[in-house]
Amino acid sequence: MASFSLKINGKKHQVDVDPSTPILWVLRDHLELTGTKYGCGIAQCGACTIHLNGNATRACQLPISAIGTNEITTIEGLSENADHPLQEAWIEHDVPQCGYCQAGQIMSAASLLKQNPNPSEDEIASAMHGNICRCGTYTRIKKAIQTAAQA
């Protein structure tokens, strides 16, 4: 066990865990931030996407020992009242079906819009291709991102 200081969603946290523990399990099991989901466990599906200093990052393969002083944002920290333009656009376009991948999808989209506020369809497709939705809501996801980009 080792002690780690983390800044998550603007708040400081202290956890004592094995240094190899993926940050996903620190968020979910130790800090009860369960919005970030476990999907494939090999950083391929995107369900576990968080922001590390604003950049979309897979949490399931990222050990806590690699976090250092980087700031983490989870879906819970994207907005205080779930009123981020992407969250509102997600509702407007009825994007979620089962909803399991949606937190990761929104976090990837938020990272995209932060880096590119007006992405083209091809840029959206490229940025989102690593997030898998078993329900196949890709068309609605793209429309929601375009709506949020115009907000």
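Helix α2 (residues 85-92) and helix α5 (residues 138-150) bring their axes within 8 Å and cross at roughly 135 degrees; helices here are DSSP runs of H or I with at least four residues, strands are runs of E with at least two, and numbering starts from the N terminus. Axes are lines fitted to C-alpha atoms, for helices over the stretch in contact, with angles from 0 to 180 degrees between N-to-C directions. That angle makes α2 oblique to α5 (under 35 degrees counts as roughly parallel, over 145 as roughly antiparallel, 65 to 115 as roughly perpendicular, and the rest as oblique). The crossing of α2 and α5 is right-handed, a label used if the near helix is turned clockwise from the far one by less than a right angle, with anticlockwise giving left-handed. On the α2 side the contact (heavy atoms within 4.5 Å) is made by Pro 85, Leu 86, Ala 89, Trp 90 and Glu 92, and α5 brings in Ile 141, Ala 144, Ile 145, Thr 147 and Ala 148.

The model is predicted, so local features need pLDDT of at least 70 and side-chain atom pairs count only at pLDDT 80 or more, while totals for chains, interfaces and linings use all residues. Residues are numbered from 1 along each chain as its sequence is written, and side-chain values use heavy atoms, leaving out hydrogens and water.

Another helix pair is α3 (residues 102-115) and α4 (residues 121-128), whose axes come within 10 Å and cross at roughly 130 degrees. That makes α3 oblique to α4, and the crossing of α3 and α4 is right-handed. Here Gln 105, Ser 108, Ala 109 and Leu 112 of α3 meet Glu 123, Ile 124, Ala 127 and Met 128 of α4.

Turning to the strands, β3 (residues 49-52) points Thr 49 and His 51 one way and Ile 50 and Leu 52 the other, and all are buried (under 20% relative accessible area with a 1.4 Å probe, protein chains only; exposed is over 50%, and partly exposed lies in between). β3 pairs with β4 (residues 55-58) in the antiparallel sense over four bridges, pairing being called if DSSP finds at least two bridges between strands. Thr 49 has Arg 58 as its bridge partner in β4. Two residues sit between the strands of this β3 and β4 hairpin, where Asn 53 takes a positive phi near 55 degrees. β3 also runs antiparallel to β5 (residues 71-73), joined by two bridges, and His 51 has Thr 73 as its bridge partner in β5.

Helix α1 (residues 23-30) has Ile 23, Leu 24, Val 26 and Leu 27 as its buried residues. Their cover includes β1 (2-8), β2 (11-17), β3 and β5.
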